[in-house]
Amino acid sequence: MSALEPTSPGAWPGVAWALRRDLKLALRSKAELGVQLLFYLIVVTLFPLGVGVEPTMLRALGPGVLWVAALLASLLALPRLFASDFSDGSLEQIALSPYPLPALISGQILAHWLTTGAPLAVLSPLLGLQFGLEGHEAGALVAGLLLGTPTLSLLGAVGAALTLGLARGGALLALLILPLYVPILIFGAAAVGATHAGMAAAGEFSVLAAALLASVVGAPIACATAVRIALD
Amino acid sequence: MTSINWFRYASPVSFFPVTRRLARGFGVAAAVFAAVGLWLGLIVAPTDAQQGEAYRIIFIHVPAAWMSMFIYAVMAGWAAVSLALNARLSAMMAQALAPTGALFTAIALVTGSLWGRPAWGTYWAWDARMTSELILLFLYLGYMALRQAIDDPRRADRASAVLALVGVVNLPIIYFSVVWWNTLHQGASVSLTAAPTMAAIMLAAMLVMAFAAWFYTIAVVLTRVRAIILEREKRAAWVSEFAEAAR
Amino acid sequence: MNLAEFFAMGGNAVYVWSAYGITAILIAVEIVALRARLKNAREAARDMDGDA
């Protein structure tokens, strides 16, 4: 072996390894994944029950409600990200592995998103029907959620790592993370609103894309730091 | 078992005696500036042409809002130092700043709401600055809640430092997105914090009150960090010595 | 402005004085709570010396 060859595996294999592992684990408990989607469905259904079914009002409320419900569903799923690994000691093993920790965490977050945010985004047009969302608006909703939910997972992962193993961690996680979600909510809902008003939502989508890029770069590192803090 | 690092005043041992004198001095300065500021604001400053007397609330509201943001930035600064140097005292400074920051945020929200009612007819108008201030309150409370929830002081230091840094990076993003959201939903409506065209005396009063708030913050934070040092370092031999001697 | 006008604050007395009053109360609460905290911390530290 030449002395110039890297002695530790690189980042991308780490991402792939963690992605495969976490997807396998997640798909073992399909019921859990179903529960999260059901939660989304139920929360969305609660709003018309609370505010009434006047069509113009529902159309105005729709984007916001669908986005807020997506935020809450995302929060619900987050503790699952590291908690079981933390409690059985595998998180420590992961941190000790030769792969760079931010890469591994990226893989875990990607697996998490594929099993929570992505299905939610795909399901959303169906729920949009409840609020009278037209075709192009539903398209803006799906596109926005596809761009936005990964950011929610990335930011949420930082919160999940900070609150690892704490009592009532779920409620604390919500308090920590929801303020950070506000920009995603604002631009995601506005994208649908703009489409409803007949305008292209290019600006809103650009912001969501920028937020995603920034999170992809920053969140895994912050998350890895937080995981090491929790493990020490 | 206390590790003493020889950065002057960077160890709790050497910092502790300094805090008391400084806190006293800044406390006195705060009281003086507050007295002058209140006199300028309540008595000297003239009645405003558009808002009458109710505008006088700004002499508390604006300095409080400024302090709420300034303290968060300073807190994040100490958090960054504590992570970079793994220094306990820096983390204690961040810990000491949070409650006062939250207090000023609450004062800004309450006084802003009370100003909004006579000036614009509503206690809460969802304008950009007040909404951002509310989110800032959540950020402070989240920081304090995270600290509280973690038993191990060093883990609490580091975790809350990461949170503070994530918060300070996101704060401008949150603020600008709220401003954008506000223009979207309210159009060119009145900004609740568009101050009346300022007579120089009004600006002077606001600045004096801002200094008063700043000196008050320094006095309170130095006192709080004294308490924190005693609480956290009480097993160290030097502490009981100071506890005996200090009043 | 005479004293009566000062307290009336042009009809907005309740808002202005509530604002100043609540602020004063909040500041007072912070100071009092902090003094209590410092006192407790000092006493706890003194007690530790007895155990050492």
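**H7 against H8, chain A.** I started with helix H7 (residues 117-130) of chain A and its packing on helix H8 (residues 135-162) of chain A: the axes sit 9 Å apart and the angle is about 155°. The model is a predicted one, so I'm reading it as such. Angles over 145 degrees count as roughly antiparallel, and H7(A) and H8(A) are therefore roughly antiparallel to each other. I checked the handedness too: H7(A) crosses H8(A) in a right-handed sense.

From H7(A) they include A:Leu120, A:Ala121, A:Val122 and A:Pro125; on the H8(A) side I noted, among them, A:Leu141, A:Val142, A:Leu145, A:Leu146 and A:Leu152. The residues of this helix contact split into 11 nonpolar, five polar and one charged.

**Which chains touch.** I went through the chain pairs. Two pairs are in contact, and chains B and C share the most contacts. Chain A and chain C have no contact joining them; their closest C-alpha atoms are 24 Å apart.

**B with C.** I listed who takes part: 31 residues from chain B and 22 residues from chain C.

**Chain C by itself.** I looked up its secondary structure and found two helices and zero strands. Its C-alpha trace spans about 65 × 15 × 10 Å along the principal axes. I then compared the radius of gyration: chain C has 21 Å, while a compact globule of 52 residues would be near 10 Å. Last entry on burial: 21% of the 52 residues of chain C count as buried.

Note on methods: Residues numbered from 1 in each chain as written. Chains lettered and ligands numbered in written order. Predicted model: local features only at pLDDT ≥ 70, side-chain atom pairs only at ≥ 80, totals over all residues. Contact = placed C-beta atoms within 7 Å. Axes fitted to C-alpha atoms, helices over the stretch in contact; angles between N-to-C directions. Helix = DSSP H or I, 4+ residues; strand = E, 2+ residues; numbered from the N terminus. Parallel < 35°, antiparallel > 145°, perpendicular 65-115°, else oblique. Left-handed = near helix turned anticlockwise from the far one by under 90°. Nonpolar A, V, L, I, M, F, W, Y, C, P; charged D, E, K, R; others polar. Rg over C-alpha atoms; globule rule 2.2 N^0.38 Å. Buried ≥ 20, exposed ≤ 12 C-beta atoms within 10 Å, placed from the backbone.
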